[in-house]
Amino acid sequence: MAIFRKNTTTDTTGTTSATSTAPAAGFDAPTSVLEDISGDYTIDASHSRLGFSARHAMVTTVRGHFTDWSGTAHVDTADPAASSVSLTIKAASIDTGSADRDGHLVSADFFDAETHPDITFVSTSVARDGADWAITGDLTIKGTARPVTIEFEPTGSAQDPFGNVRIGFEGGTAINRKDWGLTWNAALETGGVLVSEKIKLDFDVSAIRNA
């Protein structure tokens, strides 16, 4: 499939001409959709996001992400169960927009990043239902591994202007942080606690197929 298409227009004299829909320099170009995305991939962390959110003081939501992480994936569309995913996240790279809060999160009260520098996810099973994928794997935080299932939906596939084959997926799930030993909290005078136990995880992933 061509990356650029041409539209036909008819002028006032009835003459039909072709006009390119290619955007001017500096604008995003349309990309082609690939029929088969099977292959081995390296996740492009610079164009991806591993995010999370938690309720704070029972009244608002704090959001953050990790800035230092890497991952690989094997995609098999003919046999989805043969697919796999592996991620390694540096706990100290957490960023919530507050240096004080980030410092507390990497301390022994939460991630204990000095003792446990890596958060990892290694898939144990992969299933596909239509276009959507469900990836189950062991999420290890602070030395504790627990199974997690993440639902993903594809956001596109393309060959970019640099010749790279790219695929994109968005997904998310929710976990209870206490299951990984992240139990620190503080009681509020009005009732409730400072930090919710439920943490929502969200992923926006772009991956490049290995040459």
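Two strands pair if DSSP finds at least two bridges between them; strands are DSSP runs of E, at least two residues long, numbered from the N terminus. The model is predicted, so local features need pLDDT of at least 70 and side-chain atom pairs count only at pLDDT 80 or more, while totals for chains, interfaces and linings use all residues. Residues are numbered from 1 along each chain as its sequence is written, and side-chain values use heavy atoms, with hydrogens and water left out.

**Exercise 1.** Find the pairing of strand 4 (residues 49-56) with strand 13.

*Solution.* The two strands run antiparallel and are joined by seven bridges.

**Exercise 2.** Describe how strand 4 meets strand 5 (residues 60-66).

*Solution.* Six bridges pair them in the antiparallel sense. Ser53 has Arg63 as its bridge partner in strand 5. The two strands form a hairpin with three residues between them. In the turn, Ala57 has a positive phi of about 60°.

**Exercise 3.** Identify which residues of the largest nonpolar core touch the most other members.

*Solution.* A nonpolar core is a set of buried Ala, Val, Leu, Ile, Met, Phe, Trp, Tyr and Cys residues joined through side-chain atoms within 4.5 Å. Buried means under 20% relative accessible area (1.4 Å probe, protein chains only). Of its 40 residues, the answer is Tyr41, Phe111, Ile119 and Leu139. Strand 13 (residues 195-209) gives the most to this core, with five residues. Beyond four places in sequence, Leu139 is in contact (heavy atoms within 4.5 Å) with residues including Ile119, Phe121, Ile175 and Trp180.

Methods. Buried means under 20% relative accessible area, exposed over 50%, partly exposed in between (1.4 Å probe, protein chains only). Helices (H or I, at least four residues) and strands (E, at least two) are DSSP runs, numbered from the N terminus.
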